[in-house]
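Hello,

Here is the structure I promised to pass on to you. Have a look at it first, and then read on for what turned up in it.

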Amino acid sequence: MRKIIRQRLEPLLERNARNAAAAALPTRVAALEAEIAQPTVVSPASMVQIERLRTSWAATQGGAIIGDGADAPRPLVITPLVLLAWDDRAQPIADASSGSFWKDIQSALVAANGGIRFGHTNPETSNSGAQTLLLLAYGYSDARNLSMAQAQDGAFREWLAGVERAVPAPDDSTGTLMTDMLRFGPSKYDFVAVYENLAIEAMGSPAASNYGGLRTFYPPATILSDHPYVVLRAPWVTPEQRQAAGQFRDFLLSREVQQLALDQYGFRPASPQVQINPGDPASPFGRYAAQGIQLDIPPQVAVPPGDVIDALVATWRAARP
């Protein structure tokens with residue numbers, strides 16, 4: 001996103017790889033990979049990143065790079081943010097009340113003084129980290145729409161520091177975070193904030209039965225990763241590219257691909273053509289119901305403007321030990 005905003009996009013292949021492979025590449029491919037990568041479409045994990053792109057582009061370049069109406073972002077697949085815990089270590093989450101969920105968890109982390117390890121990714125580099133930060137901010141403020149003042153509030157920064165003292169050096173990737181939890185167990189993390197589809201994937205791991213097994217918890221208010229598909233309103237996007245992008249989007253939203261995303265990868269379909277059937281043995285929503293996977297999604301928090309998200313990330317940076 002930052003590269004798009006700066007319009008300083010890197011070549012599709014690193015220079016060393018390009019030099020090493022040039023002799024083996026067809027002429028047209030070699031010409032293409034040497035060009036600057038100017039994307040027709042972006043599809044980050046959630047609207048959090050789209051809002052940051054929208055705000056930053058308007059401030060630095062002027063105009064709108066994100067369309068509306070028929071060109072508005074379209075979700076491809078959906079997965080909410082959840083907490084995944086080792087059952088033997090899940091008591092702080094199980095004891096948290098719905099009305100003060102994150103405040104109760106923060107109090108448990110502070111009282112444990114390092115005895116509980118909570119994992120989330122880096123909100124500067126990872127979508128799930130930014131989403132976790134948003135849920136913490138909403139949980140602290142009890143706001144319906146997070147404001148700039150709330151994102152920069154000094155008392156919130158101190159409260160957040162209590163959470164972050166229980167968080168090891170945050171990973172840059174949600175996948176790596178999930179892998180480390182399974183590999184190292186409670187010696188690394190007691191519970192983590194991850195996407196529901198990764199929690200579902202973890203349930204099928206040989207390590208899933210360790211430490212009492214894995215259990216999924218849904219915060220009383222959550223945030224969705226809907227993997228928005230956005231055809232950019234950028235000066236380099238041609239009408240032909242726009243048409244091709246629309247065809248590719250239609251393919252990704254087809255019944256066959258949406259069913260594959262559900263059955264094989266644990267994503268919720270974005271297309272109404274595909275419905276989740278918890279009674280279907282092929283459905284992970286029936287297979288892992290006993291481990292906390294549920295069909296109903298809690299209410300969603302509002303995604304604030306990009307500048308508020310950026311301010312919140314700055315507050316997090318100041319709160320880190």
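**What was found**

Strand β1 and strand β8 (residues 228–231) run antiparallel and are joined by two bridges. Helices and strands here are DSSP runs, numbered from the N terminus: a helix is H or I with at least four residues, a strand is E with at least two. Two strands count as paired if DSSP finds at least two bridges between them.

Before going further, a word on the source: this is a predicted model, in which local features need pLDDT of at least 70 and side-chain atom pairs count only at pLDDT 80 or more, while totals for chains, interfaces and linings use all residues. Residues are numbered from 1 along each chain as its sequence is written, and side-chain values use heavy atoms, with hydrogens and water left out.

**The sheet with β8**

The open sheet has three strands in the order β1-β8-β2, with antiparallel pairing. Its edge strands, β1 (41–42) and β2 (74–75), each pair on one side only. Valine 42 has valine 230 in β8 as its bridge partner. Across β1, β2 and β8 lies helix α12 (residues 239–252), which runs at about 165° to β8. That angle is taken between N-to-C directions on a scale from 0 to 180 degrees, using axes fitted to C-alpha atoms, for helices over the stretch in contact.

**Strand β5 and the cores**

How well covered is strand β5 (residues 191–195)? It is mostly covered, with five of its five residues buried. Buried means under 20% relative accessible area, exposed means over 50%, and partly exposed is in between (1.4 Å probe, protein chains only). Strand β3 (residues 77–86) pairs with β5 in the antiparallel sense over five bridges, and leucine 83 stands opposite alanine 193 there. Strand β4 (residues 118–119) runs parallel to β5, joined by two bridges; phenylalanine 118 has phenylalanine 191 as its bridge partner.

Several of these residues return in the largest nonpolar core, which has 68 residues: Leu83, Leu84, Trp102, Ile105, Phe118, Phe191 and Leu214 touch the most other members. A nonpolar core is a set of buried Ala, Val, Leu, Ile, Met, Phe, Trp, Tyr and Cys residues joined through side-chain atoms within 4.5 Å. A second, separate core of 13 residues includes Ile4, Val42, Ile66 and Leu232. In soluble globular proteins, nonpolar side chains tend to be buried together. Leaving out residues up to four places away in sequence, leucine 214 touches a list of residues including Leu84, Trp86, Met181, Ala202 and Gln291; contact means heavy atoms within 4.5 Å.

**A buried arginine**

Which residue does the side chain of arginine 52 meet in a polar contact? The partner is aspartate 310, at 2.8 Å. (A polar contact is a pair of N or O atoms within 3.5 Å; within protein, one must be able to donate a hydrogen and the other to accept it, and residues adjacent in sequence count only if both atoms are side-chain atoms.) Arginine 52 sits in helix α4 (residues 47–60) and is buried, with a relative accessible area of 15%. Among the residues it touches, not counting those up to four places away in sequence, are Ile5, Pro123 and Val313.

In helix α13 (residues 255–265), the buried residues are Val257, Gln258, Ala261 and Leu262. They lie on the same side of α13 because they cover an arc of only 135° around the axis, the arc being that of the directions from the helix axis to the C-beta atoms. Glu256 and Gln264, on the other side, are exposed. The cover over the buried residues of α13 includes β3, α12, β9 (268–269) and α14 (284–287). Just after α13, glycine 266 takes a positive phi of about 75°.

Helix α9 (residues 154–164) has several buried residues, including Phe156, Trp159 and Leu160. At the start of α9, a side-chain oxygen of aspartate 153 comes to within 3.3 Å of the backbone nitrogen of alanine 155.

**Loops to look at**

Asparagine 113, in the loop between α6 (101–112) and β4, has a positive phi near 50° although the residue is not glycine. Asparagine 113 is exposed, at 71% relative accessibility. By contrast, serine 271, in the loop between β9 and α14, is buried at 9%.

Best wishes
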